[in-house]
Amino acid sequence: MFETAAKAVVTLPFLSMVICAMLAFSKIQKTQRLAAFITAGAIGAAFVFSCLLLKDLPQVEKNGVGAVGTVVHYFDWINIGDFTANFSFYIDGLTAIMLMVVTGVGTLIAVYASWYMDGDVGYGRFFTYISLFIFAMLCLVMGDNLLLLFLGWEGVGAASYLLIGFYYRKPSAVAAAKKAFIVNRVGDFGFALGLMGVFVVFGGIQYVDILPAAKALAEPGMVTNLSETQAAAHAAATDYWGEGKTVSLLLLSIPFLLMLGAFGKSAQLPLHVWLPDAMEGPTPVSALIHAATMVTAGVYMISRLIPIFQLNEAALLTVAVIGCVTALFAGLIALCQYDIKRVWAYSTVSQLGYMFLGVGVLGTTGAVFHLFTHAFFKALLFLTAGTVMHALAGQLDLRKMSGLRTKMPITCWLMFAGCLALAGFPFTSGWYSKDMILVDAMATYPLLGWLGILTALLTAFYTFRLWFKVFWGPTDYEMGNEHHGYEADHHDEDHHHHEPHDPPMWANLPLMVLTLGAVAGGFLGYGFIKNFIGMSSAAVPIDPAHKVAHDAAHAWVPWVASAGAIAMIGLAWVFYVRNRALAENCAKTFKGAVRVLYNKFYVDELYDVIIRRPLRGMGHICHLLFDQMLIDTVLVGGIAKFPRLLAWGARPFQNGALQGYGLSMGAGVAMVLFVLYMVTK
Amino acid sequence: MDGIINQAVLNHYLFTGALLFALGMIGFVARRNLIVMFLCTEMMFQGVVVTLVAFSRYHLNLDGQVFVIFVLTIAAAEAAMALGLVVLLFRRKRTLDAEAWSAMKG
């Protein structure tokens with residue numbers, strides 16, 4: 001039963017993808033509607049099977065070394081000599097949590113999307129991509145080896161590319177899709193090298209072998225009764241880092257390489273530029289892929305491989321610092337953006353920064369917990385933003401909407417719940433998970449902890465800035481001019497003449513479930529997540545000294561953070577409900593800072609100058625030197641010129657004069673005869 | 001087959017053949033009129049034919065004469081076709097001058 005359930009979880013979205021692709025290819029608008037039912041049904045069924053896995057998990061968990069997951073073999077994939085990478089699944093607490101997030105949130109968003117995408121010509125195509133995404137994401141979180149993880153990793157990257165560029169007639173969407181793909185290549189390059197490094201050091205890439213082996217290296221003596229293959233991996237790695245031996249540079253660089261992949265996928269600081277642009281895709285995609293699931297793959301990967309990261313203190317510190325700085329950086333940018341989806345996008349980057357801070361200080365429980373709650377409230381925020389956008393015919397500019405509370409009351413209060421969770425209002429889900437990370441950070445590196453609290457204050461402010469601006473104040477709005485990402489066709493467009501309105505009840509239902517998760521996910525999930533992470537390879541034993549610092553921080557950090565958050569919500573209320581002129585005056589006073597933040601710290605421009613332009617210049621030089629000179633002129637042109645040269649020499653002989661030919665023929669014969677005569681004489 | 005010709009007689013025949021051939025050659029190169037040029041080539045044929053017959057007689061071997069019959073036959077067929085061509089060419093340009101057909105040059 002357990003094995004069947006695990007196989008079904010992955011197989012169902014795959015089948016759904018195939019069927020939806022056929023529907024999409026058939027181009028019959030009537031059957032396209034089926035695609036939504038099939039996709040939502042398949043992901044929903046996968047969710048049910050995930051629940052079955054979760055239920056059976058504790059029984060299969062208590063075996064083997066420490067906390068090792070159960071391996072479910074699906075089919076042989078690659079078996080070459082000692083190298084094994086099968087299509088099989090590694091199921092432990094961490095996998096179970098990720099499965100709940102991916103299939104649970106996926107189902108809700110698929111249902112919402114069936115309303116949101118209604119009337120789109122690419123309806124079937126959209127759900128094909130969604131199924132592809134879910135399939136790849138499930139391979140990513142369930143794979144029992146790094147190669148299957150990598151396959152899923154690239155699969156979700158491809159799905160993300162396809163969905164960002166879903167409105168392929170829009171140049172900005174195509175550019176954003178390419179940007180996402182190319183920036184991710186930088187990270188994936190590192191990840192692939194890290195994967196190969198793991199193989200070289202441990203002699204294998206299966207979690208069951210490498211994770212206990214790495215644990216045994218990190219904590220000698222703590223881990224006993226290694227199985228035969230695990231001991232072999234341990235012995236292989238000992239060559240690189242054994243007692244009395246110098247630590248190999250390769251082993252130390254592995255976490256840094258893997259980290260690069262995580263930073264690319266999860267949009268951390270040097271590689272964060274693609275995520276805000278990725279908002280060009282349809283809003284359900286922003287919610288599912290670029291907020292709730294795919295972008296958390298980096299956090300999942302580091303949590304999964306935490307024993308390998310533990311081998312290198314510097315790597316963990318780097319993860320924590322980059323995470324913390326990204327959180328602050330993106331939080332600052334979110335303050336001054338006017339595009340609703342971009343505010344949430346920067347907020348996502350910022351929250352992912354928190355998760356990296358969490359794993360960096362070895363607080364994997366907090367990080368995964370935040371991943372879990374963030375999936376709910378950020379999906380909720382994106383979907384409600386999508387509803388607003390849909391109601392206003394594609395309008396996303398905060399300056400052009402106000403007081404929508406009266407027009408769309410349900411959406412208003414749904415988004416409010418999401419905002420509370422994101423702001424870390426006490427007892428909402430965000431409060432529990434964010435404070436778990438902040439406490440861990442404060443106990444390990446107080447500076448990072450304080451920066452985290454500062455970011456939490458910013459978060460509360462920008463969240464409620466948006467909410468107050470959109471839903472409060474005088475009712476005033478300006479319609480956008482597009483529908484479903486296409487320029488509106490004014491002949492048969494009925495959306496323009498409508499008042500903004502809430503979506504139908506059945507489409508709002510998924511949002512209500514997400515609201516439940518956003519509000520109550522914290523205290524319902526707290527014990528559950530802790531228990532499941534404790535039963536997974538991501539569990540990190542806490543040493544007593546750290547426990548004392550942790551408890552000390554726990555006594556005050558949550559209250560300071562939430563008091564600050566409430567104060568910031570109040571400030572946002574003053575600025576954006578009570579006296580909007582005050583906010584404008586404030587922005588005028590700090591004009592320079594606002595401009596820098598509005599332009600996102602000029603990171604895109606910086607990349608343009610230091611990467612794009614030199615590359616372009618180099619390409620230009622290569623084009624001149626190799627393409628034009630070497631290939632066009634010398635090779636192609638030269639070969640073409642050679643016969644011409646020959647002809648130029650032979651041309652005078654063909655002068656068109658008949659007698660000339662006769663004469664030369666006669667002279668030729670005479671010459672031959674003469675030679676013959678001379679020779680035979 | 002009686003009466004073998006001797007070396008001196010053979011030389012006379014060969015001289016006649018060579019003369020015919022050379023005259024034909026000169027005529028072909030020197031004259032512009034297509035029909036005259038054609039007749040000159042016929043003359044070159046006859047020069048060769050005389051040589052063949054002479055050698056055939058000298059060696060008492062009939063192969064040469066058989067070959068001559070062939071040459072005459074083919075020359076007749078060729079003359080019919082070549083004259084036809086010349087007429088066609090004449091119709092195109094209303095002149096028999098070979099210079100008129102020197103457009104085909106490199």
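Q: What sits over the ring of A:Y338?
A: The charged end of A:R399 does, 3.9 Å from the ring centre. A charge is counted as over a ring when NZ of Lys or CZ of Arg is within 6 Å of the ring centre and within 35 degrees of the ring normal.

Q: Ok, and what kind of model is this, and how do the names work?
A: It is a predicted model, in which local features need pLDDT of at least 70 and side-chain atom pairs count only at pLDDT 80 or more, while totals for chains, interfaces and linings use all residues. Residues are numbered from 1 along each chain as its sequence is written, chains are lettered from A and ligands numbered from 1 in the order in which they are written, and side-chain values use heavy atoms, with hydrogens and water left out.

Q: What lies over the face of B:W101?
A: B:K93, at 4.8 Å from the ring centre.

Q: How many aromatic pairs are there over all chains?
A: The count is 45. Rings of Phe, Tyr and Trp (its six-membered ring) pair if their centres lie within 6.5 Å; planes under 30 degrees apart are stacked, over 60 edge-to-face, and the rest tilted. One of the pairs is A:F329 with A:F601, which is stacked, at 4.8 Å centre to centre and 20 degrees between the planes.

Q: Which parts does that pair tie together?
A: A:F329 lies in helix α14 (residues 313–335) of chain A and A:F601 in the loop between α23 (591–598) and α24 (603–650), so the pair joins parts 272 residues apart in sequence. Helices (H or I, at least four residues) and strands (E, at least two) are DSSP runs, numbered from the N terminus.

Q: Is A:F329 buried or exposed?
A: Buried, with a relative accessible area of 15%. A:F601 is partly exposed at 30%. Buried means under 20% relative accessible area, exposed over 50%, and partly exposed in between (1.4 Å probe, protein chains only).

Q: And what about A:F461 and A:Y576, how are their rings placed?
A: They form a tilted pair, 6.2 Å centre to centre with 55 degrees between the planes. A:F461 is in helix α19 (residues 446–471) and A:Y576 in helix α21 (residues 544–578), 115 residues apart. A:F461 is buried at 11%, and A:Y576 is buried at 11%.

Q: Which residues form one aromatic cluster?
A: A:F369, A:F427, A:W431, A:Y432, A:F523, A:Y526 and A:W559.

Q: Switching topic: in which sense do β1(A) and β2(A) pair?
A: Antiparallel, over eight bridges; strands pair if DSSP finds at least two bridges between them. They form a hairpin with two residues between them, and A:G81 in the turn has a positive phi of about 55 degrees. A:T70 stands opposite A:I91. In β2 (residues 83–91) of chain A, eight of the nine residues are buried.

Q: Where is A:S350, and what does its side chain reach?
A: A:S350 is in helix α15 (residues 340–360) of chain A and is buried at 0%. Its side chain reaches the backbone oxygen of A:A327 at 3.0 Å. A polar contact is a pair of N or O atoms within 3.5 Å; within protein, one must be able to donate a hydrogen and the other to accept it, and residues adjacent in sequence count only if both atoms are side-chain atoms.

Q: Where is B:N61?
A: In the loop between α2 (34–59) and α3 (63–93) of chain B. B:N61 is partly exposed at 36%, and its side chain reaches the backbone nitrogen of B:D63 at 3.0 Å.
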